[in-house]
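Please have the structure open while you read this note. The points can be checked one at a time.

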Amino acid sequence: MARPRTITDERLLTAATEVIGLRGPGFTIAEVAARAGVSVGTVAQRFGSKSGLLQALTRQTTEHVVRRMHEAAEGLDPLAGLRAALLTWLDGMSDPAEAQNHLAQLGVDLIDPELRALLARLYEVTGETVLELTRRVDLPRGPGPERAARVLTGLVYGVSMDWSVRPRGALADRLAEDVDAVLDAWKGR
């Protein structure tokens, strides 16, 4: 009979996220293992390699972002729901150095074909979620839902990237200001 897993993938992926935030793309499996309080062999056995770990992390991120967006929108009027969903996209990102390390990791991930494909999927499903939420909102001065969703998605990515390299104030505040500016204009306020 096989022993039950006591170390969850979630625990290992959380450790990986934290280590990437601290070290950027130069992180090692050993650092992830130490952060999770396990042996290097445990991480290697579970994910096979650093690339395998990053692939699993990207898959998890895709699931988490979409779930957080839906949860944030639940029970709110359509406009407030769309706004809340957009603002949860980058929940927890408040340290510029950590954001810069994640951005550096993103640059490295784009070189790897498997990771690039998983990132494309992440962008696709988050864009689909924004489109779904945008279709519920009356935006009389805005573009059609497809373009509005594309602009809002690009706004979130752009604000996060700009804040990562030029951190002024809190990312959450800056994102809220820019999302509100666009939504208010499209509502005719």
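The points below cover a helix, a pocket and a group of aromatic rings.

1. This is a predicted model, and the points that follow should be read as describing that model.

2. Look at helix α2, residues 29–36. Its buried residues are Ile 29, Val 32, Ala 33 and Ala 36. Viewed along the axis of α2, these residues fall within an arc of 100°, so they line one face of the helix. Their cover includes α1 (9–23), α3 (40–47) and α4 (50–73). Just after α2 comes Gly 37, with a positive phi of about 75°.

3. The largest pocket has a volume of about 1,100 Å³ and a lining of 37 residues. Nearest its centre lie Thr 61, Trp 89, Leu 90, Met 93 and His 102. Two or more lining residues come from each of α1, α4, α6 (96–109), α7 (113–134) and α8 (145–165). Helix α4 gives the most, eight residues. By type, the lining has 18 nonpolar, 13 polar and six charged residues.

4. Trp 89 also belongs to an aromatic cluster with Tyr 123 and Tyr 157. There are two aromatic pairs in the model. The ring centres of Trp 89 and Tyr 157 are 5.1 Å apart and the planes are at 65°; an angle over 60 counts as edge-to-face, so this pair is edge-to-face. Trp 89 sits in the loop between α5 (78–88) and α6, 68 residues from Tyr 157 in α8.

5. Tyr 123 and Tyr 157 are stacked, at 4.2 Å centre to centre with 15° between the planes. This pair links helix α7 to helix α8, across 34 residues.

6. Is Trp 89 buried or exposed? Its relative accessibility is 7%, so Trp 89 counts as buried. Tyr 123, at 35%, counts as partly exposed.

Note on methods
Residues are numbered from 1 along each chain as its sequence is written. This is a predicted model: local features need pLDDT of at least 70, side-chain atom pairs count only at pLDDT 80 or more; totals for chains, interfaces and linings use all residues. Side-chain values use heavy atoms; hydrogens and water are left out. Buried means under 20% relative accessible area, exposed over 50%, partly exposed in between (1.4 Å probe, protein chains only). Helices (H or I, at least four residues) and strands (E, at least two) are DSSP runs, numbered from the N terminus. The arc is that of the directions from the helix axis to the C-beta atoms. Contact means heavy atoms within 4.5 Å. On a 1 Å grid over the protein atoms alone, a cavity is a set of points where a 1.4 Å probe fits but cannot get out, and a pocket is an open set with protein on both sides within 12 Å along at least five of seven lines; lining residues have an atom within 4 Å of a point. Grid points are joined across faces, edges and corners, and a volume is the space filled by probe spheres set on the points. Ala, Val, Leu, Ile, Met, Phe, Trp, Tyr, Cys and Pro count as nonpolar, Asp, Glu, Lys and Arg as charged, and the others, Gly among them, as polar. Rings of Phe, Tyr and Trp (its six-membered ring) pair if their centres lie within 6.5 Å; planes under 30 degrees apart count as stacked, over 60 as edge-to-face and the rest as tilted.
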